[in-house]
Amino acid sequence: MSMYYLVFCGFCVTVLKEFNSVVVEPYMDEPFHIPQAQAYCRGDYTAWDPKITTPLDCEQYLMSLLLKKIFLFKCNIPMLRLTVLLALLALPLILTRLLCYHKRIRPPASILSPIPEAVILSAFPIAWFFGFLYYTEMPSLVFVIWTVVAASQDQHWLAALLGLISCTFRQTNVIWVLYAFTSSQLMYLRFRRSPPDHPPPAKLHDPPALAAEPRDLLRSVQSAPRVLLEILPTLVPYMLVLAVFGAFVVWNGGIVLGDKTNHVPSLHIPQVYYFVAFSTAFGWPVLVGGPGGIATLACDVRVRMFGSKLRTGVTAVICGVMAVTVKLYTIHHPFLLSDNRHYTFYLWRRVYMFHFLAPYLLIPVYMACIWAWFLRVGREQTILQTLVLPVFVLPTLLPTPLLEPRYFLIPYILMRSQVVDMPNWALVVELGWYTAINVITMGVFLYLPRAGVGRFMW
């Protein structure tokens with residue numbers, strides 16, 4: 001077991017102990033989930049709180065059996081929070097496999113020896129914070145990453161099963177099941193070789209991302225039929241997951257289970273812009289960690305946006321379209337405007353509502369951030385490998401009317417894991433940045449509650 005992982009585990013367990021001693025009652029969404037799990041512990045599997053919007057959580061069901069029936073533990077608040085912490089502690093182990101897959105290197109022989117980069121990424125503030133509350137975010141993330149890893153190892157039936165389990169934590173995870181299949185096949189098609197004395201296999205047009213041009217996307221679409229028949233058999237287990245999910249939607253009358261009135265899907269195009277800004281604010285050490293540092297990155301972004309009259313014109317047109325979407329599709333969600341226990345409440349009021357022009361002045365910033373991440377992620381990938389994640393991010397974010405950092409967790413982790421050339425100094429900066437945010441936000445949550453308001457959280 002690596003020293004980094006031991007320190008990570010020890011620190012997390014210590015924080016959970018202090019967390020439980022300070023926050024002795026269920027907080028925020030826990031009053032819905034904890035009584036539900038305790039009902040299962042009592043053997044009452046027919047109990048259901050209609051305010052819960054996800055299906056019967058496998059974590060709640062299985063952990064209640066393990067705690068109560070096998071280990072004879074009580075299903076109290078500290079023990080239930082411990083089940084989520086176990087998912088957080090498993091995250092570096094799963095991320096090691098994902099990072100090594102993208103780096104094209106062999107993972108450590110021992111599963112209990114995650115690479116340092118995986119431990120650092122597991123300290124990502126949104127993931128780390130919700131590893132101490134009885135929420136579904138952490139097990140959802142672990143099962144989605146595990147699904148992607150299993151697919152990358154050609155274990156597609158296992159990936160489909162894990163993906164199906166992940167959908168019990170958050171229904172939109174069905175999108176990430178399809179992402180797991182697609183990303184694994186793009187990697188397979190990129191590196192496959194024909195056996196000796198056999199003709200070369202059909203090729204999918206997929207040039208390196210940073211050298212690709214718009215017409216390459218058209219050529220990729222035109223070449224796709226040549227390889228579809230070869231990968232269709234691999235799609236079968238994932239189609240079964242889609243069939244089960246479709247049956248659930250038909251039976252339930254929609255994706256949302258339970259409290260449908262407060263979770264109505266709405267087209268929210270600026271949510272994608274918020275995700276890009278969020279990723280840059282949290283992941284700037286990753287962006288500046290590329291060759292040449294921030295100066296080279298800034299120069300490359302400038303060239304992509306304004307390097308010629310054509311590029312300048314395209315940038316202006318895109319910014320204009322984005323301005324229209326900001327005007328027509330910005331949603332002032334009542335939860336966002338009323339719940340002042342979340343940092344997004346203050347961000348919205350003090351930035352986006354500061355002046356009516358504020359959301360529009362941020363549009364060039366969004367554009368620069370998009371190009372920065374494209375340049376960073378695309379260094380070692382093909383154009384389709386680089387664009388496949390944004391394609392799958394769209395259906396997960398566009399229907400969500402609420403600005404909620406938890407919605408950005410899985411897309412960020414998947415995007416960050418595609419950056420394969422982080423120098424050691426950048427990893428140290430990334431760890432320091434995450435640690436500073438975690439110390440501040442956890443300290444504020446535990447020790448600086450406001451009378452009449454409550455504890456502040458993401």
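Does Pro-334 count as buried or exposed, and at what relative accessibility?

Reply: Pro-334 counts as exposed, at 54% relative accessibility. Buried means under 20% relative accessible area, exposed means over 50%, and partly exposed is in between, with a 1.4 Å probe and protein chains only. The model is predicted, so local features need pLDDT of at least 70 and side-chain atom pairs need 80 or more, while totals for chains, interfaces and linings use all residues. Residues are numbered from 1 along each chain as its sequence is written, and side-chain values use heavy atoms, without hydrogens or water.

Pro-334 sits in helix H15. Helices are DSSP runs (H or I, at least four residues), as are strands (E, at least two), numbered from the N terminus. Ala-150 is 184 residues from Pro-334 along the chain, and their C-alpha atoms are 40 Å apart.

Arg-341 lies between helix H15 (334-338) and helix H16 (343-352). Its relative accessible area is 25%, so Arg-341 is partly exposed. Setting aside neighbours within four places in sequence, Arg-341 is in contact (heavy atoms within 4.5 Å) with Tyr-27, Met-28, Val-453, Arg-455, Phe-456 and Met-457. Gly-10 is 331 residues from Arg-341 in sequence, and their C-alpha atoms are 29 Å apart.

One of those partners leads on. Met-28 belongs to the loop between helix H1 (3-22) and H2. Met-28 counts as buried because its relative accessibility is 15%. Its phi is near 60°, a positive value in a residue other than glycine. Asp-154 also has a positive phi, near 65°. Asp-154 is in the loop between helix H7 (137-152) and helix H8 (156-167). With a relative accessible area of 54%, Asp-154 is exposed.

Now H2 itself. Two packed helices are described by the angle between their axes and the distance between the axes. Helix H2 (residues 30-41) packs on helix H4 (residues 77-103) at about 100°, with the axes 11 Å apart. H2 is therefore roughly perpendicular to H4. Axes are lines fitted to C-alpha atoms, for helices over the stretch in contact, and angles run from 0 to 180 degrees between N-to-C directions. Under 35 degrees counts as roughly parallel, over 145 as roughly antiparallel, 65 to 115 as roughly perpendicular, and the rest as oblique. H2 contributes Glu-30, Ile-34, Ala-37 and Gln-38 to the contact, and H4 contributes Ile-77, Leu-80 and Arg-81.

Salt bridges come next. A search of the whole structure finds 13, each a side-chain nitrogen of Lys or Arg within 4 Å of a carboxyl oxygen of Asp or Glu. Lys-103 pairs with Glu-117 at 3.0 Å, N to O. Lys-103 is in helix H4 and Glu-117 in helix H5 (residues 116-122), so this pair links distant parts of the chain, 14 residues apart. Glu-117 is buried, at 5% relative accessibility. Asp-29, Glu-137, Arg-170, Glu-404 and Arg-406 are linked in a network of salt bridges.

Arg-416 and Glu-430 meet at 2.9 Å, N to O.

Arg-215 forms a salt bridge with Glu-213, with the closest N and O atoms 2.7 Å apart. Arg-215 is exposed, at 57% relative accessible area, and Glu-213 is partly exposed, at 36%. Ala-212 lies in the loop between helix H9 (174-191) and helix H10 (214-223). At 17% relative accessibility, Ala-212 counts as buried. Ala-212 touches Pro-207 and Ile-383, not counting residues up to four places away in sequence.

Last, the surface. Leu-267, Val-324, Leu-328 and Tyr-329 make a nonpolar patch of about 360 Å². Patches are made of residues with over 30% relative accessible area and no salt bridge; like charges are joined within 9 Å, and nonpolar side chains (Val, Leu, Ile, Met, Phe, Trp, Tyr) within 5 Å. Areas come from the Shrake-Rupley method with a 1.4 Å probe, and for residues only the protein chains shown count as cover. Leu-267 is in the loop between helix H11 (225-252) and helix H12 (270-288). Leu-267 is partly exposed, at 44% relative accessibility.
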